[in-house]
Structure formats: structure tokens, C-alpha cells
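Dear colleague,

I am passing on the structure below, and I would be grateful if you could look through it alongside the notes that follow.

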Amino acid sequence: MALANRQIEEMQPHSRIHEPVMAGEIRTLLGERGARTIVDATVGTGGHSLAILETLGGEARLLGIDRDARALVLAAGRLARFGERAVLRHGNFADIDELLDALGWESVDAILADLGMSSFALDDPDRGFSFRREGPLDMRMDSNERVSAHELVNEEGEAELARIIYSYGEERASRRIARAIVQARRRRPLETTRDLRAVIEGALRGRRSGTIHPATRTFQALRIAVNHEIESLEAFIQAAPARLAPGGRMIVIAYHSLEDRPVKERFRSLVRSGEFLAVTGKAMRPGADELARNPRARSARLRCIERGGR
């Protein structure tokens, strides 16, 4: 993926580079097995991939996959010094089989997926992911996707909106919020993140759940629905383990129960089959030093399994 330095420089002002979560733990988990072929299934701006390639040395090669073409521009710049050892592909990690087959990689030594939203996308107001920044109601990780948050908010029926907000945001006031959205859009379409935030705050009268802003769960739910995140994750965790070579390890970092639950259940099933070993018993969590540097890592849960037979 050849990209000009000018493209990278033009994108830098929109956001700071995402700090990779639990990079030290990942380096250890992959380094102690001597991984040589790695898939970073959510490469983002390349933070984890950079740490992995620096740690594993000159024989390691890596495939980085991401749905966000803008993030791949930055990843290409950060990983350029590794040349052909770092291959980047625009795609959905649910399609890992097709992406590996296209490269002729029958099996790999390691697969990593960090399911968190990158700061690169979250901090860019033009992407519409955050209620803290004024921007269009978009929320698409891949700009080629047809349906954005704008279509969901302004066209979806009240019952379906309530289902999305409850199922993907675990928001108890989902019906009240859905009703308020429908009533508001009858007056005029909701165009921006500020429009939607105001409707949610009005519906909940500014009430918070602990320290969480009233709009947090609804924005999360819409983002997950727009990007089909749960369906993609389920397809990925079904397909990816079979691509591990004997002794290969798969690492997934999740940030909320909707992500962590299917990963935990899938990994347990694989361990019970006898073909895989649990490298982490309970999920690993970031240390105090990392949390002091990067508070966004506070909910991270890392799970790792290893394919037997080496």
C-alpha cells in the first residue's frame, strides 16, 4: 500500500496517534513463542504492529487489516521502514480467510485483534463517533458503507431504534430515547452529533449513570449497529483460530461485555475441544502505570489462547 508522505502529514492534525493498549503484554505473549507470521486484524494506525515488528526481529512478517482507509494511511507511514515485511490491506477482519488466501498464507503464528475504537477516529469530529465533538452523524468505520448513523437516526422505526439502543448500548431508557428521537426528527432531521446529544439529554433530563454521560450508551449502540460490529466479530472468532499454526497464539482485547462475552465463550469452547490451550486464565488487565498514561485503556480485557501440537 504505497502512500505519499504528504497524505500522512495532511491527516496528522485531525488526531493524535492512538497509543497501543497493553503493548508490553502483547510483545511478551508473542515473543516467547517466537512468532514469525502475524496478523494484526485491527491494525489502525499501526501502534501494535510497530511494537510487534520491533520486538520479533528481521524474520517476522505481518499482515495488517483495517476497515478504516484513513487509518491505514498513517499505518503505512509508521511501518514503511519494514518494507515488504509489513503488508496492509483495507478490509473487514471477518474476511480473514479471503485476505490470507489472497496472500498465499495458509497458516500464521499469531493473530491479534484490539476491538477498541482508535483515538484517531474517535477524536476526528468529521467522523461523528463522539458526542463530545460537533460533527456529522456518520460513525462509519469504512466510508464505503452505504448506511451511516444519519440514516439510522432519521429513518429507522421507533421500535427498531429502541432495540438497537438496548441491545448494543445496554441502555435501560432505550424506549424513551427512541421516542424522543422520532419526535425530534418530525420537526427537522437530526444532522449532527450535537443534535442527537441534545435529544438524548432532553429525554433523560441530563441524568448520568455513575460517571457516564447520558449519550454514551446510545452513541455506542449506533456505532455498533452502523458497522455491524458484533456480526463481524462473531465471524472473525469463528474463522481465525483455524488459521493458526501449531503453537500459534490468538489475542483479543475487548472493552465491554458485548465484545468480551462472545470472545470468552468461543475461547472456552476451543479449549474444551482439546485442540487449544488457555494462555490467560482470567482476562489480563492493564497495569497502573499504563492507566496513568492512557485512561482510555481502563476497561481493556486481554484474552489469549494457543493452538496445541507444536
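Helix H11 (216-227) gives the largest share of the lining of the largest pocket, namely five residues, where helices (H or I, at least four residues) and strands (E, at least two) are DSSP runs numbered from the N terminus. Please bear in mind that this is a predicted model, in which local features need pLDDT of at least 70 and side-chain atom pairs count only at pLDDT 80 or more, whereas totals for chains, interfaces and linings use all residues. Residues are numbered from 1 along each chain as its sequence is written, and side-chain values use heavy atoms, with hydrogens and water left out.

The largest pocket holds about 1,100 Å³ of space and is lined by 34 residues, with Leu122, Thr216, Gln220, Arg298 and Ser299 nearest its centre. Helix H6 (119-122), H11 and helix H13 (257-272) each contribute at least two residues to this lining, which by class comprises 10 nonpolar, 14 polar and 10 charged residues. Here Ala, Val, Leu, Ile, Met, Phe, Trp, Tyr, Cys and Pro count as nonpolar, Asp, Glu, Lys and Arg as charged, and the others, Gly among them, as polar.

The search was made on a 1 Å grid over the protein atoms alone: a cavity is a set of points where a 1.4 Å probe fits but cannot get out, a pocket is an open set with protein on both sides within 12 Å along at least five of seven lines, and lining residues have an atom within 4 Å of a point. Grid points are joined across faces, edges and corners, and a volume is the space filled by probe spheres set on the points.

Across the whole structure, one cavity of 30 Å³ or more was found. The largest cavity has a volume of about 530 Å³, and of its 35 lining residues Thr42, Asp66, Asp114, Gly116 and Met141 are the closest to its centre. The largest share of this lining, four residues, comes from H12, and the classes number 14 nonpolar, 13 polar and eight charged residues.

In helix H12 (residues 229-239), the residues Glu229, Ile230, Ser232, Leu233, Phe236, Ile237 and Ala239 are buried, that is, under 20% relative accessible area, with exposed meaning over 50% and partly exposed in between (1.4 Å probe, protein chains only). Their cover includes helix H5 (96-103), S4, helix H8 (158-169), H11, S5 and H13.

Strand S5 is itself mostly covered, with 10 of its 11 residues buried. It belongs to an open sheet of seven strands in the order S3-S2-S1-S4-S5-S7-S6, with mixed pairing, two strands being paired if DSSP finds at least two bridges between them. Strand S3 (86-90) and strand S6 (276-278) stand at the edges with a single partner strand each, so one side of each is left without a neighbour in the sheet. S4 and S5 run parallel and are joined by six bridges, whereas S5 and S7 pair in the antiparallel sense, also over six bridges.

Finally, arginine 185 lies in helix H9 (residues 174-187) and counts as buried because its relative accessibility is 19%. Arginine 185 and glutamate 155 are 30 residues apart in sequence, while their C-alpha atoms are 9.0 Å apart in space. Leaving aside residues up to four places away in sequence, arginine 185 touches Leu152, Val153, Asn154, Glu155, Glu156, Gly157 and Leu161, contact meaning heavy atoms within 4.5 Å.

With best regards
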